[in-house]
Amino acid sequence: MKAQQIIEWGEPLQERECDTPEPTGSEILIRVTSCGVCHSDLHLHEGGFNMGQGNFARLADMGVELPMTMGPEIGGVVEAVGPDVEGIEPGKSYVVYPWIGCGECEHCATGRDIDCLTTRPLGTRRDGGYATHVICPDKRYLFEHGDTPVDLACTYACSGLTAYSALKKHARLTAKDHLVIVGAGGVGLSAVMLAKHVTDAKVIVADVDPEKRSVARQAGADETFDNSQPQAAEKLKEMLGGGVRGVIDFVGRPETASFGLDCLAKTGKLVIVGLYGEALPLALPRMPIFQLTIEGSYVGDLQDMTELMELVRAGKVPPIPVSTRPLAEANAALQDLVDGKVSGRQVLKP
């Protein structure tokens, strides 16, 4: 098999030939046909996260070893199964849920692998989909995608799932409310398209890029807003006639999180998803006085994935823009993401 791997943190990926693994026990060997390129891949490639105030969380200190094959958004065909696998046919196409835990703790036992303290997701802790083949450890992580093309369906394993889980944290919002989505990249666009399945709130998309705001309007946003302008939060509140009860920050920078906080009305909630980094200055008295909530959201659990893929198979999720490119162009795909040239999602094809 071939894989595009990190050999040194921050250096270009290298194509390497490896032995194709043989599935044992409950494992399934997947021949990868599609793998989405995630923004979180940039942080993995760099080797960690900017925590602000000069602190950098190094993945090497967290037990991540090189070489590493990135890529959590995996779609592919079953090529072989371990001796303990039943009911999975070779030759069938699936989307792989990558957020896999230890399989033994109380979190994993209830389908909350994402809360596992020793989680080992595909593409971030164990080898992922920037390759011709990948091992899925159990059939419960395989999801049928119906008539949805696998190039699109694979993006739901991370981008779509992340958006869906974040939206569910605002399920209390009503038709009288506004939900502000900050950032109209691949995950933000997924959130726009999924929002009506989770909340009745009107969706406002804030982005500094006019082209991305235009794409968001086409995707179904009720309004768009340029959050790069001076006193942006005050202008948004003036436009809407007051503060909002819900914001999701899909960027995760100090300026976007601050904008989100400043948009909130009393009892409002800011959900932070993006991983760009640095630190957020916070006026602590404001939190209890206005009863505000800041909540982190990473990805979704198996129940979220089940619900999302039911919507996908039923044809109820409009497609985000997807552009495909050969796996050999993985480095160029990452650079285009760094340069902000991507609308929607890039998908690598081995």
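R112, D115 and D301 are linked in a network of salt bridges. The model is a predicted one, and the structure holds 20 salt bridges.

Three further pairs are described here individually. In one of them, the side chains of D113 and R140 meet at 3.7 Å, N to O. D113 is buried, with a relative accessible area of 0%, whereas R140, at 33% relative accessibility, counts as partly exposed.

A salt bridge also joins the side chains of R253 and E278, with an N to O distance of 3.2 Å. Here R253 belongs to the loop between β14 (244-249) and α8 (254-263), and E278 to the loop between β15 (264-272) and α9 (286-289); the pair therefore ties together parts that are 25 residues apart in sequence. R253 counts as partly exposed at 26% relative accessibility, and E278 counts as partly exposed at 39%.

The side chains of D336 and R325 form a salt bridge at 2.9 Å, N to O. D336 lies in helix α11 (residues 330-338) and R325 in strand β17 (residues 322-326), so the pair ties together a helix and a strand, parts that are 11 residues apart in sequence. The relative accessibility of R325 is 16%, and R325 therefore counts as buried, the limit being under 20%.

M305 is placed in helix α10 (residues 302-313). This residue is buried, and its relative accessible area is 0%. Leaving aside residues up to four places away in sequence, M305 touches V95, Y97, F143, Y156, A157 and L161. Between M305 and R58 there is a separation of 247 residues in sequence, and the C-alpha to C-alpha distance is 29 Å.

The largest pocket contains about 910 Å³ of space. Its lining comprises 44 residues, and those closest to the centre of the pocket are H39, G185, F250, V251 and Y276. At least two lining residues of the largest pocket are supplied by each of α1 (39-46), α5 (186-194), α7 (232-240), α8 and β18 (345-349). Sorted by class, this lining has 21 nonpolar, 16 polar and 7 charged residues.

In the second largest pocket, the space amounts to about 670 Å³. This pocket is lined by 28 residues, and F49, M51, G274, L275 and Y298 lie nearest its centre. The elements that contribute two or more residues to the lining of the second largest pocket are α1, β4 (48-52) and α8. By class, the lining of the second largest pocket is made up of 17 nonpolar, 8 polar and 3 charged residues.

Definitions and conventions: Residues are numbered from 1 along each chain as its sequence is written. This is a predicted model: local features need pLDDT of at least 70, side-chain atom pairs count only at pLDDT 80 or more; totals for chains, interfaces and linings use all residues. Side-chain values use heavy atoms; hydrogens and water are left out. Helices (H or I, at least four residues) and strands (E, at least two) are DSSP runs, numbered from the N terminus. Buried means under 20% relative accessible area, exposed over 50%, partly exposed in between (1.4 Å probe, protein chains only). Contact means heavy atoms within 4.5 Å. A salt bridge is a side-chain nitrogen of Lys or Arg within 4 Å of a carboxyl oxygen of Asp or Glu. On a 1 Å grid over the protein atoms alone, a cavity is a set of points where a 1.4 Å probe fits but cannot get out, and a pocket is an open set with protein on both sides within 12 Å along at least five of seven lines; lining residues have an atom within 4 Å of a point. Grid points are joined across faces, edges and corners, and a volume is the space filled by probe spheres set on the points. Ala, Val, Leu, Ile, Met, Phe, Trp, Tyr, Cys and Pro count as nonpolar, Asp, Glu, Lys and Arg as charged, and the others, Gly among them, as polar.
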